[in-house]
Amino acid sequence: MEQQMTGTIDEGASRSARSPSAIGKTPLKVDLRSDTVTLPTPEMLGAMTRAPLGDDMRERDPTVVELEALAARMTGTEAGLFVTSGTMGNLVAMLAHTGRGGDVLVDPEAHLMRSEVSGVVHVAGLFPRHYPVHRGFPVLDGFSGMLRPQATRSSFATALVCIETSHNNAGGTVMPLKDMAELHAMTKAAGVPVHIDGARLFNAAVSLGVPASEIVRHADSVTFCISKGLSAPFGSLVCGSAAFIERARLFRRMIGGAMRQGGVVAAAGVVALTSMVERLADDHRRAQIIARGLHELDARLVDPAEVETNIVMADIGHTPLTVNDWIERLAARDIDVRSYGRTRLRMVTHRHIDDDAAHAVVAGFRQVLEAARATAS
Ligand SMILES: Cc1ncc(COP(=O)(O)O)c(C=O)c1O
């Protein structure tokens, strides 16, 4: 097993060591499909082999306890709960806040709606109502009118408000802190809790130049992932008040998410939180290399001012190629990207995308665009 893992790490290292001239000559790929493709660091694998362990459902696993306490400290909350995924974190948070039943106010493009809606409806028993959004975040003007603190004869009460920052499908946008404060004041007045889907909470914090706790103080709970830009092999944390986390812990067990010697993975999470947060700024800088490079190729492709974190959305609607053409032609140059709708390509930078790889992406776009235009003319 150890050998297998070492081989995987080597693959990650050589991926990040590629140069633009290597593009097309090597089977290694510049994989921009998601930051979920990141591999654990050698330091994480070392920590996993040395972690003190216990049965977390009996006397607790000391490494899980350490990770949960660290997560609570970093988010400025009373307690944390280790879960297997962002999806599970959001689900137990919804269950713990609402006890099943009621409306959840949410952005229709949120990950919760696009990828987790079955859990929202079937397991958490919530009815999603959509608020109007700007760049992924609730439009505050008129928002308080959407909050329904009491059930009426025909409608459930609003049980929860969910926001997402950074916002995946909006292109990594970050909710301004003053808007978060305003939103929280409205929801507190109505007695409705706010949950943050902060799968990329630390990208948002790094982009704002504040500790994560400055974001989370404007909400009642948060889920964040250690498995994405932070490079742990899997796992997420839910954080909030001690009473909320106790309820969430029960719901985690109910859905089969309680772990025994979870410290094996939590150890990687401790390394992720103590050593991988600040380097997210490199991912953001590389997203800017791509965004500015594409903007120079054709200003209609990307507005670099819209790129706030590690996600770049390129609009190829005006080019002679379809989204699938672009995906295929970039893949032929060892650059993997994903579609987002009929006219956009989505690229996510992460630890395995170095400066050379970011420049290679721009070069790949240039080659594809020039070839397509030459054929079209
Ligand atoms: C914003 C957001 N929330 C939640 C999730 C779900 O995380 P997981 O894949 O760990 O379930 C993702 C995954 O990409 C995400 O982008």
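This is a predicted model: local features need pLDDT of at least 70, side-chain atom pairs count only at pLDDT 80 or more; totals for chains, interfaces and linings use all residues.
Glu 370 is part of helix H14, which covers residues 355-376, and although Glu 370 and Leu 297 are 73 residues apart in sequence, their C-alpha atoms are 9.8 Å apart in space. Asp 298 is partly exposed, because 17 other C-beta atoms lie within 10 Å of it.

Now to the overall layout. The chain is divided into domain 1, made of residues 2-39 together with 278-376, and domain 2, made of residues 43-275. Taken over C-alpha atoms, the centres of domain 1 and domain 2 are 29 Å apart, and the contact takes 19 residues from domain 1 and 17 residues from domain 2. On the domain 1 side, helix H1 (2-16), helix H12 (280-297) and strand E11 (311-315) each supply at least two of the residues that touch domain 2, and the largest share, 4 residues, comes from H12. By class, that side of domain 1 divides into 8 nonpolar, 6 polar and 5 charged residues.

Arg 33 lies in the loop between strand E1 (30-31) and helix H2 (42-50), and since 14 other C-beta atoms lie within 10 Å, Arg 33 is partly exposed. Once neighbours within four places in sequence are left aside, Arg 33 is in contact with Asp 336, Val 337, Arg 338 and Val 348. By contrast, the C-alpha atoms of Arg 33 and Gly 209, which are 176 residues apart along the chain, are separated by 26 Å.

Let me turn to the interior. In soluble globular proteins, nonpolar side chains tend to be buried together. Here the largest nonpolar core has 75 residues, and those with the most contacts inside it are Val 92, Met 94, Val 104, Val 238, Ala 248, Ala 268 and Ala 272. Helix H11, residues 263-275, gives the most to this core, with 8 residues. As for Ala 268, its contacts beyond four places in sequence are Pro 40, Met 44, Ala 47, Met 48, Ala 232 and Pro 233. A second, separate core has 30 residues, among them Leu 301, Ala 314, Ile 353 and Leu 369.

Which elements do the buried residues of H10 pack against? Helix H10 itself runs over residues 242-254, and its 13 residues reach 19 Å from the first C-alpha to the last, close to the 18 Å expected. The buried residues of H10 are Phe 244, Ile 245, Ala 248, Arg 249, Phe 251 and Arg 252, and they pack against strand E2 (79-83), helix H4 (86-98), strand E9 (221-225) and strand E10 (236-240). After H10 comes Gly 256, with a positive phi near 80°.

Next, the ligand. The residues around it are Thr 36, Ser 85, Gly 86, Thr 87, His 111, Glu 164, Asn 168, Asp 197, Ala 199, Cys 225, Ser 227 and Ser 236. Sorted by class, this shell has 2 nonpolar, 8 polar and 2 charged residues.

I will finish with the backbone. Most residues other than glycine have a negative phi, and most peptide bonds are trans. In this model, a cis peptide bond joins Thr 165 and Ser 166, with omega about -5°, and Ser 166 is placed in the loop between strand E7 (158-164) and helix H7 (177-190). Arg 100, in the loop between H4 and strand E3 (103-106), has a positive phi near 75°, and Arg 100 counts as exposed because 12 other C-beta atoms lie within 10 Å. Arg 135, in the loop between strand E5 (133-134) and strand E6 (137-138), has a positive phi of about 55° although it is not a glycine. Arg 135 counts as partly exposed, because it has 13 C-beta neighbours inside 10 Å.

Technical notes
Residues are numbered from 1 along each chain as its sequence is written. A residue is near a molecule or strand if its C-beta atom, placed from the backbone, lies within 6 Å of it. Ala, Val, Leu, Ile, Met, Phe, Trp, Tyr, Cys and Pro count as nonpolar, Asp, Glu, Lys and Arg as charged, and the others, Gly among them, as polar. The expected span of a helix is 1.5 Å times one less than its number of residues. A residue is buried if 20 or more other C-beta atoms lie within 10 Å of its own, exposed if 12 or fewer, and partly exposed in between; C-beta atoms are placed from the backbone. Two residues are in contact if their C-beta atoms, placed from the backbone, lie within 7 Å. Domain bounds come from an automatic or database domain assignment. A nonpolar core is a set of buried Ala, Val, Leu, Ile, Met, Phe, Trp, Tyr and Cys residues joined through C-beta atoms within 7 Å.
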